[in-house]
Amino acid sequence: MTKTPLAQFIKEKRKQAGMNQEDLSFAAGVGLRFVRELEQGKTTLRMDKVNQVLNLFGYVLGPVEVNRDEES
């Protein structure tokens with residue numbers, strides 16, 4: 001799996017908070033496997049669970065404009 005911006009963001013926020021993956025999973029109410037898959041950049045994840053994790057850091061998922069020139 002390729003590290004996505006979301007995966008990098010979550011890992012960075014977790015480390016800034018001084019948490020390990022197990023701490024994050026417990027605090028967010030999601031499974032440890034989910035946290036690992038999220039940080040590894042799994043492309044298919046449940047948005048509600050992603051938002052549970054993001055909510056710990058004061059964020060939620062939202063639309064992001066895509067620059068079509070950069071996609072190619």
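Predicted model: local features only at pLDDT ≥ 70, side-chain atom pairs only at ≥ 80, totals over all residues.
1. The crossing of α1 and α4 is left-handed (the near helix is turned anticlockwise from the far one by less than a right angle). Both are DSSP runs of H or I, at least four residues, numbered from the N terminus. Their axes lie 10 Å apart, at an angle of about 40°. Axes here are lines fitted to C-alpha atoms over the stretch in contact, with angles from 0 to 180 degrees between N-to-C directions.

2. Residues are numbered from 1 along each chain as its sequence is written, and side-chain values use heavy atoms, without hydrogens and water.

3. The largest pocket holds about 400 Å³ of space. Of its 18 lining residues, T4, P5, L6, L61 and V64 are the closest to the centre. A pocket is an open set of points on a 1 Å grid over the protein atoms alone, where a 1.4 Å probe fits, with protein on both sides within 12 Å along at least five of seven lines; lining residues have an atom within 4 Å of a point. Volume is the space filled by probe spheres set on the points, which are joined across faces, edges and corners.

4. Helices α1 (5-16) and α4 (47-56) each give two or more residues to that lining. The largest share, 4 residues, comes from α1.

5. E22 sits in helix α2 (residues 21-28). E22 is exposed, at 54% relative accessible area (exposed is over 50%, 1.4 Å probe, protein chains only). From E22 to L32 the C-alpha distance is 5.8 Å, across 10 residues in sequence.

Notes
Buried < 20%, exposed > 50% of the residue type's maximum accessible area, 1.4 Å probe, protein only.
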